[in-house]
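Below is a short exchange about how some structural terms are applied to a single chain. Each answer sets a value against the definition behind the term.

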Amino acid sequence: MRSELAGTRRLLNSWKEIASYLACDERTARRWERERGLPVYRPPGDKRGHVYAYSDELDRWLSRNRQTNAAPHATSRSFRQLRWAVLVFLVLTSVVAAWHKFLRKPSPVRARLVGQTLEVRDAQNRVLWRHTFPETLRSAEELRESLLPAARNTQIADLDGDGEREVLFRAAHLPSNGSSGPDLEEILCFSSRGRLLWRYRPEVTVRMGTVRFDGPWRFTDWVVTPASGSKHDLWASVVHWHWRPSFVVRLDASGRASVRFVQAGWIYVLNRVANHQGAYILAGGVNNEYSTASLAVLKQDGQPACSPQTPGSEFDCTDGPHGRPERYFLFPPSEIGRLAVPYNDIFAVEGSDARRLVIARETPDGLWAMYQFSEALEPESVALNYRFGILHRRYEDQGLLRHRFETCPQLGRPVRIRRWDAQSGWRTVEIPPTPGVRPDVYRPEVVRANHPK
């Protein structure tokens, strides 16, 4: 028999040869005999476990299993190949996705505090990243009434000029001991991908007269300004939590801080303006010595300065910058303002580089004096808004004013502004009044209809 089949079949004399022919291991070949009827023979009476098989029978067995999608070694081999293909595909897909994400520059456009988490989104309102603070922060709702409202609690700008925008966030930390003391505030700068780059907490000492002020300090406003090359600086106004001192600090792209201006009175608003003479920072607020609204004009690349105060007084800065601002203005309160509050203050600076509107808050309930400044940053005119007529009529009726609105001297005479510069010192300039923005409400019938006694 063996010699007759030598030309058409091959005799396999052991599990090793059978497994080799089937391209599997011996354990798999034994399992296929047991579970799938692999044609394997044993010599009669052989107790040593010898086996043998014929190649043509194994081929027919394999053929039958292929037809039923059950070819063991082929199925196993195909499965392994498919598994490796899927694995390679998943790895390549992950690598490509990670590489694409790495190369794609995230572009933050808005940020907000949600609970204790800063959430940053792009123009499509997709969340780019989140940063959760371990400390307890003042909530967005609580910040609405703070010196720097929640709506202005973040700034997004490319500080370092690398084409990616950083996220600046003012954090107001509640006192750790649970007391009712002041918040501890700081500015944090995050990369466009959410990495914390630097943080600034004011630790400044200011001495006025013989009194030393160490803080805590609170932020009231900030503005991003062009610096060298494509870089930008952040200018922030900072006030003492309780007493009169305030200062303006400049932070460069890496977070290095330098105090640029100190004032005896709070600074509420900052703005930047450029003209043919250079770039300036405008710092508006109130001066406590003179009890009136103030505006400091600071050269952006000038020397650190202090507000001009009476030498030797309790308002004179004795431990701080020794320079002076480019110009300094004091705005007298209106006659209505004197009846309502101890002093007025500058709370907004608006407009283009060619013209600036400096707005003084005369009363807490909406009376404004709007000062028009020229391109050269000199006052040109002033207008009182519609609330002047409304409040004037009210104070007339209450007997607090002894003249009628129609003959009010405030509306016809120039406003006297005190101006200071290093060459001339203090002098007085007069600017004309202009009509208010809502002259119709000055009519008695309109005022009385909208605001009855």
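**Burial and pairing in a predicted model**

Q: Which residues of helix α7 are called buried?
A: In this predicted model, the buried residues of α7 are Arg 387, Phe 388, Gly 389, Ile 390, Leu 391, His 392, Arg 393, Tyr 395 and Glu 396. The term requires a relative accessible area under 20%.

Q: What makes helix α7 count as largely enclosed by the rest of the structure?
A: The helix spans residues 387–397, and nine of its eleven residues are buried, so α7 is largely enclosed by the rest of the structure. Across the chain, buried residues make up 45% of the 453 residues. After α7 comes Gly 399, with a positive phi near 80 degrees.

Q: Why are β3 and β5 called edge strands?
A: The strands lie in an open sheet of three with the order β3-β4-β5 and antiparallel pairing. Both β3 (110–114) and β5 (127–132) are edge strands, since each pairs on one side only. Neighbouring strands of this sheet are turned by 20 degrees against each other on average, with direction ignored.

Q: How do you know that β3 and β4 pair?
A: Pairing requires at least two bridges between two strands, and five bridges join β3 to β4 (residues 117–121), the two running antiparallel. Within this arrangement, Leu 113 stands opposite Leu 118 in β4.

Q: What share of the chain's contacts with a separation of 6 or more comes from residues 24 or more positions apart?
A: Such residues account for 48% of those contacts, where a contact means heavy atoms within 4.5 Å.

Key
Residues are numbered from 1 along each chain as its sequence is written. This is a predicted model: local features need pLDDT of at least 70, side-chain atom pairs count only at pLDDT 80 or more; totals for chains, interfaces and linings use all residues. Side-chain values use heavy atoms; hydrogens and water are left out. Buried means under 20% relative accessible area, exposed over 50%, partly exposed in between (1.4 Å probe, protein chains only). Helices (H or I, at least four residues) and strands (E, at least two) are DSSP runs, numbered from the N terminus. Axes are lines fitted to C-alpha atoms, for helices over the stretch in contact, and angles run from 0 to 180 degrees between N-to-C directions.
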